[in-house]
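Please look over the sequence and the model first.

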Amino acid sequence: NSVDIGSQIIAVDHQRFLATLYQRAGRHADAVKTYQQAVTLRPYDGRAWLGLGISLEAMEHWKDAATAYQRALAGQGLDDRLAEYARQRQAFVKSK
């Protein structure tokens with residue numbers, strides 16, 4: 001029902017926000033766990049996948065980062081600037 005969907009959106013937004021804070025603090029393992037929770041709740045969330053890719057890349061998990069960037073590009077919510085960033089990062093991690 002609509003209450004469940006609204007709660008899920010709030011939960012994912014909260015997870016993305018928390019993961020971003022972890023990322024900015026250099027706590028990429030915590031960010032990865034939190035972004036993974038977000039994409040489990042909303043697997044089409046391109047912004048959550050992008051954040052996951054950034055932290056996986058920071059941890060030098062190249063293959064997983066490339067997959068996350070691909071999922072970000074296939075998902076919803078990325079504007080043109082973020083999509084271009086995801087494409088650039090995906091190309092970089094694929095070269096590793």
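The pLDDT is the predictor's confidence in each residue, from 0 to 100. This is a predicted model, in which local features need pLDDT of at least 70 and side-chain atom pairs count only at pLDDT 80 or more, while totals for chains, interfaces and linings use all residues. Residues are numbered from 1 along each chain as its sequence is written, and side-chain values use heavy atoms, with hydrogens and water left out.

The chain has a mean pLDDT of 92, and 91% of its residues reach 70 or more. Helices are DSSP runs (H or I, at least four residues), numbered from the N terminus. Among the elements of the chain, α4 has the highest mean pLDDT (98), and helix α1 (residues 2–24) has the lowest (79). Where pLDDT is low, the predicted coordinates should not be read in detail.

A nonpolar core is a set of buried Ala, Val, Leu, Ile, Met, Phe, Trp, Tyr and Cys residues joined through side-chain atoms within 4.5 Å. Buried means under 20% relative accessible area, exposed over 50% and partly exposed in between (1.4 Å probe, protein chains only). The largest such core has 21 residues, of which Tyr35, Trp49, Leu50, Leu52, Leu56 and Tyr69 touch the most other members. At least two residues of this core come from each of α1, α2 (28–41), α3, α4 and α5. Contact means heavy atoms within 4.5 Å. Not counting residues up to four places away in sequence, Trp49 touches Val39, Pro43, Ala68, Arg71 and Ala72.

Helix α5 covers residues 80–94. Its buried residues are Leu82, Ala83, Ala86, Gln90 and Val93. They lie on the same side of α5 because they cover an arc of only 100° around the axis, the arc being that of the directions from the helix axis to the C-beta atoms. Their cover includes α3 (46–58) and α4 (62–74). On the other side of α5, Asp80 and Arg81 are exposed.

Asp45 lies in the loop between α2 and α3. With a relative accessible area of 4%, Asp45 is buried. Beyond its neighbours within four places in sequence, Asp45 is in contact with Val12, Arg16 and Gln76. The table gives polar contacts of its side chain (pairs of N or O atoms within 3.5 Å; within protein, one must be able to donate a hydrogen and the other to accept it, and residues adjacent in sequence count only if both atoms are side-chain atoms).

| Side chains | Distance |
|---|---|
| Asp45 and Arg16 | 2.5 Å |
| Asp45 and Arg42 | 2.8 Å |

Notes
The expected span of a helix is 1.5 Å times one less than its number of residues.
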